[in-house]
Amino acid sequence: MRDSSKVFVMAVSLLAASTVAGQEAPASRFAGSADFGARLTDVSGDEARYQRFRDMSDGAYLDRFRLQKAGASWAFDLRADHIAREDQFLQGRYRRKNLKLVLEWDQVPLFISRDTQTLYQADSPGVLRINDAIQQGIQSAQFTLASVADQAAFFETRSRRDSGRLELLYRPTRDLDMTLRVKTSKREGTLPWGASFGFNNDVEVAAPQDTRTTDVAAGIEWANERGMLRLGYGGSWFDNHVPTLVWDNPLRLSDSATAPGQGRSALWPSSTMHSVTTAGSIKLPANSRFTGNVTVARCPRTSRCCRSRSTPRSHRSPCRARLRTLKCGRWP
Amino acid sequence: MGTNRGGSRRTSSVVSPAGLAFALVVCGLAPAWAGQETPAPAPTPEGYVGVNKCASCHQAQATGYRNSPHAWAFDERTPAAARGCETCHGPGQAHVDDVGAKGRIKNFKVIAPREVSETCMKCHNRQEHAQWQGSMHDSRNITCIQCHSVHTPKSERSHLKLASVTETCAQCHRDKAARLLRSAHMPVREGKLECATCHSPHGSPNVRMLRTGNSVNEFCWSCHADKRGPFLWDHPPVRESCVTCHDPHGSSNERMLVSRPPMLCQRCHIATRHPATRYDAAAVAAPSNRVISRGCVNCHSNIHGSNHPSGAYFHR
C-alpha cells in the first residue's frame, strides 16, 4: 500500500499537426504528439503494490507518442506508450483500399513483492535446491530454521507477459474480407507457491513461470446489407517449458519413512485447441435478423503425468488419456 | 533467489527487438503502399447537395468528419466514397431549400433508436457488428450514438463520446467500474486492458457478451491457457466456471477471489475432514496454516487441477 508519494514530473508535450484541407477528402494529413519528461517518486509502504501492473520507476520517460499520417490512398498511425519501460506498448496500423495491417507489441508486468527472501536457489528450471549443509544441519538438530534465516537471499517476486499481435485483413472485393490474426504471448517470472509435503507441512517457494501461448485465427467473411456468411479457423497452442516443480525439504536431506528429502509437483500442462466456425445471418423484415453460429472445437485431452519419485507405488493412479470434447458455439 | 529469471529488472534498457522490427516494417511499408489514386467523386444526383454544401453551415461537424476514417475516400465502404454526409443523413436538397423545417433530413438525435442502428449497420455489418441486432444492448434500445460520436469523438479510437472505453461503459455499468478500483483487479485502470478486451458491446454468441468462446471458462482460457488443462484430477467448480471463485471485475481479496480463503472453500467443503469449527471465527485468531496467507491453498496449491498421480487433493 502506498502511504504517501511525492512525484516530481517534468513533462513536455509536443503537438505537430498540419491539415491540408480541400473541401473533399484531404490530400495529405500529418499529426503527431509526444509526452516526455522525468519522474522521481518517493513511495513509503509496499512499492510492489504501487507498481503492480506498471513501471513507475524513476528516470526519464516517454509516455505517449502518437503519429498519424494519411495520404490520398492510405492512412497510417503509430501509438507508443511507456516506451522502454516494463509496461511498454507499441502499435502500428496501416490502411489502404483493400488492405489493413495491425502490428502490436504489449508488455504487462505483474510485480508482487520486492522484499521476499528464500533459502532456495534454482539449480535448473523448475528445480529449487537448498544448501545440503543446511538441510543436514537441521535434520541432525544442529541448526534450526530460524538460525539459518539470515542466509536467505532477497529477490523480487514478479512476472511479465509479453505479447505480439499481427492482424491482416485483405479485401479482394467490396463484400469479401479475408482475415488473419496471430497473437503470441510469453509469460516469464515467478509466483508464490505453496509446495506441500502433505498436509500440515508445506513451504513457500517461488514457482517458475515460463510459458508461451500462441493463437491463430483465420477467416473469410462475405457480407452486404442483406446478410453475412463467415467461415473461420482458430487454433491455440499453450506450451509450458517448466511442467514439473521439484524442491528440497528444508527440514531433511535424506528420505525417511515419514518425510521425503524433496517434493515434486505438477505444474500447468501444455495443451492445444482447434476450432472451425461458421456463422451466418440474414436480414428479415420488421427490424429482425436471423443469425446462426456453429463451432466445432477439439481440445486434445492428452497429457503426460508428472513422474513422481517420492510417491509410493500403491498411491499411483493410471492416467486417464485421450478424453475429447466437442462443443457447439464460437471459439475463439 | 539466485536465478530469478527476469525478476529483478526494473526497466528495460532498450525497446524490445520485436518492437524495433515492427517499427521498421511499418515505416518501410507505408511509403511503398502510398501510390494509390483517389477515385474520382461521382456526379451529384438529384436531391443531393454534396459535402461542400453541408460543410458551409455545419463546420464543426464537417471537421470531425474529415478527421475520421469515414472520410477515407480510398476505402470504398466509407461514406466519403459514396455520398459523404448524405450517405447517412439522406439527400439534403429539401433541407437546404427549407432550413429549419423538421423532417427534411435524417437527424439521429430525434429518429427512432432502431433506425439509428439500422443506418450504421448498412456498412458496419460484419464481424462482431453482425451480432448487434438482438444483442443485449440492442434489445434495451441502446443505439450506436449513445456510445459513439461520429463528429465530435473524445477518444483516440472507435469514435467514442468519452475519452476511453472504460469511461464509456461506466456511464451505465457503474457497479462494475467501481469494482475496478478494488485492490485486486485486472490491469484495467493501468490502461493495459479495457472493458472491450473481454466484452463485445456489439453482441456475441457467448454469455455476458464475452468476446470469444462459448462459456466463461473458454473465454478466460484465451489468456489463462495454463488453467485449460488437461488435468488428471479436475476440480469441479473450476470446470464449471471461473467466476465461481473469482470476480473478474475486482475484489478486495487477493487473486480476485469472491471471498477470502478458507471461508471461500467452506462454501462447499463443510463435510467430513473439513469441520467448520477448524476455520470458524475463533480459529481465525489462531496461527493455523489453514487460516493464514492463502488459507486452504497453502497446501492445495494446484487448486485448478493436478496432473500428479497423487494429486487427487490438488496438493502436488
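Predicted model: local features only at pLDDT ≥ 70, side-chain atom pairs only at ≥ 80, totals over all residues.
**View 1. Arg255(B) sits in the loop between H12 and H13 of chain B.** Most residues other than glycine have a negative phi. Arg255(B), however, has a positive phi, near 60°. Arg255(B) counts as exposed because it has 11 C-beta neighbours inside 10 Å, and the cut-off for exposed is 12 or fewer.

**View 2. Met209(B) is another residue with a positive phi, about 55°, although it is not a glycine.** Look for Met209(B) in the loop between helix H10 (195–198) and H11 of chain B. Met209(B) is buried, because 20 other C-beta atoms lie within 10 Å and 20 or more is what buried requires.

**View 3. A cis peptide bond links Gly229(B) to Pro230(B).** Pro230(B) belongs to the loop between helix H11 (216–221) and helix H12 (236–240) of chain B.

**View 4. Two prolines, Pro261(B) and Pro262(B), are joined by a cis peptide bond.** Here omega is near 5°. You will find Pro262(B) in the loop between H12 and helix H13 (281–284) of chain B.

**View 5. Thr166(B) is part of helix H8 (residues 165–170) of chain B.** With 19 C-beta neighbours inside 10 Å, Thr166(B) is partly exposed. Beyond its neighbours within four places in sequence, Thr166(B) is in contact with Ala177(B), Val188(B), Glu194(B) and Cys195(B). Ala177(B) is eleven residues away from Thr166(B) along the chain, and their C-alpha atoms are 7.5 Å apart.

Terms used
Residues numbered from 1 in each chain as written. Chains lettered and ligands numbered in written order. Helix = DSSP H or I, 4+ residues; strand = E, 2+ residues; numbered from the N terminus. Contact = placed C-beta atoms within 7 Å.
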